Amino acid sequence: MRVANKRTAGRWTVPVLVLAMAALPGSAAYARGGHEATGTTENSEAAGGRQDRNLTVQTKIQTTVNGARESAKTGTLTPADSNWDPPACWYEPAYSPKQIQATVKAIRQVGMLGIGELVGGVFDSYFKEGHPYKNYNLDKQGEGQFWAATINEKRKNDPEANSCNKLPFWVDKGETPKEPLAVSPKILAEYAYDELPVPSTDIELAPEGTTKVNLPTWAWLDKAKFKKVSVTASIPGSGLSATTTAEPVSLSIDPGTEDAETYPASGECPIEGGKIGVPRAKGTPADTDPPCGVKYLRSSDGDSYDLRATVTWKISWTSTTGEGGDLPDGRFGADQQVEVEEVQSINR
């Protein structure tokens, strides 16, 4: 089944100005994340905003989700590598010469304490008066665009979000900028990583809800839910596109207490034959060890333990340029409450 979810942003906007904008510009713009659960939906535009003092730009990246179930609750992956995160900011095609000219003109019309004229003068020095561009590059209309910074809204509080601190810079049509943070297939793939809607990890348990001390609790996951899911990220008109795919590989069980044993002992239940664990069949003796599960050694004394189930997903990517490879594994988990009672005897 294919579920498409497209999001389009990218209309240039004029930022709200503040007194601080009299200083040299910094970076701006947010790229909104998230997914609709079902169907094909044109999402609202990414939220524009200010980051330091720069012209605001909204991302043009579109994403398409493949493989998500319509009824599935979903979450966002956490990279297994704590030293890696999807990109917090990048530069992408944003303004035509006429749009830059119109934007600076609009800024000059902001009448608050003369700030508009002051900031407009700063921008004109850069875009109009040869430092480094002349007359907004109007003679190159249609031959390229000014690329500008955009910030991933999900990462806007990361220190790395301040890395894209350059004013918009010109790139001729068909050329690749030398800027390391310019949008590329790999950046698109990493952005798509942040958009992967993996299903929730509410595992099935037997017995369900309440179990007994020293008796195994079987655990398994719905086979139909845990299939590959992918997100394609692209910028219309650029020819750039990348698809990031997540494939479930194992389930990790944390019983929520040290007074417990897991099956297998490592607590890692592999995916075998497209499924994680095995449902306990009717008539199975209560003390039978499961292929995936947990045995509590102490009661929860009328309370409950927070059993955490975490699925690890292997992540890979491909692109229209032929580039591709692996990205760090992702994890997504959820807690379930398990009450454990003492048992005095076992009737066989």
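Okay, a definition to begin: two strands pair if DSSP finds at least two bridges between them. Helices (H or I, at least four residues) and strands (E, at least two) are themselves DSSP runs, numbered from the N terminus.

Some ground rules before that. This is a predicted model, where local features need pLDDT of at least 70 and side-chain atom pairs count only at pLDDT 80 or more, while totals for chains, interfaces and linings use all residues. Residues are numbered from 1 along each chain as its sequence is written, and side-chain values use heavy atoms, with hydrogens and water left out.

So, confidence. pLDDT is the predictor's confidence in each residue, from 0 to 100. The chain has a mean of 82, and 80% of its residues reach 70 or more. Now look at residues 1-52: pLDDT stays under 50 there. The model still has 180 contacts beyond four places in sequence for that stretch, where contact means heavy atoms within 4.5 Å.

Next, the overall picture. We have three helices and 19 strands. Of the 348 residues in the chain, 49% are buried. Buried means under 20% relative accessible area, exposed means over 50%, and partly exposed is in between, using a 1.4 Å probe and protein chains only. And if you take contacts between residues at least 6 apart in sequence, 78% join residues at least 24 apart.

Back to strands, then. Which residue is the bridge partner of Y263 in β17? It's G293. Y263 belongs with strand β14, residues 260-263, which pairs with β17 in the antiparallel sense over four bridges. On β11, residues 216-221, three bridges reach β17, and those two strands run antiparallel as well. There, W218 stands opposite G293. So what about the faces of β17: covered or open? Both are covered, with G293 and K295 buried on one side and V294 and Y296 buried on the other.

How many disulfides does the chain have? Two. One joins C269 to C292, S to S 2.1 Å. C269 lies in strand β15 (residues 268-272) and C292 in the loop between β16 (275-277) and β17 (293-296), so this pair ties together parts that are 23 residues apart in sequence. The link is right-handed, with 90° about the S-S bond. C269 is buried at 1% relative accessible area, and C292 is buried at 2%.

The other disulfide joins C89 to C164, also with S to S given as 2.1 Å. This pair links distant parts of the chain, 75 residues apart: C89 in strand β5 (residues 89-95) and C164 in the loop between β6 (144-152) and β7. With 85° about the S-S bond, the C89 and C164 link is right-handed. C89 counts as buried at 4%, and C164 does at 0%. Count the bonded cysteines along the chain and the pattern reads 1-2, 3-4.

While we're at β7, have a look at E179. It sits in the loop between β7 (169-172) and α3 (185-193). Is E179 buried or exposed? Buried, with a relative accessible area of 14%. Leaving aside neighbours within four places in sequence, E179 is in contact with Y91, K166 and F169.

On to rings. Rings of Phe, Tyr and Trp (its six-membered ring) pair if their centres lie within 6.5 Å; planes under 30 degrees apart count as stacked, over 60 as edge-to-face, and the rest as tilted. That rule gives 10 aromatic pairs. Y126 and F127 make an edge-to-face one, 4.8 Å centre to centre with 90° between the planes, and both residues are buried. Ring pairs link F123, Y126, F127, Y133, F146 and W170 into a cluster.

F127 brings us to the core. A nonpolar core is a set of buried Ala, Val, Leu, Ile, Met, Phe, Trp, Tyr and Cys residues joined through side-chain atoms within 4.5 Å. In general, nonpolar side chains in soluble globular proteins tend to be buried together. Here the largest core has 75 residues, and L77, F127, L251 and W313 touch the most other members. Its largest share, seven residues, comes from strand β18, residues 305-319. To finish, click on L77: beyond four places in sequence, its contacts include Y193, L196, W313 and F332.

How values were computed
Disulfide = S-S within 2.5 Å.
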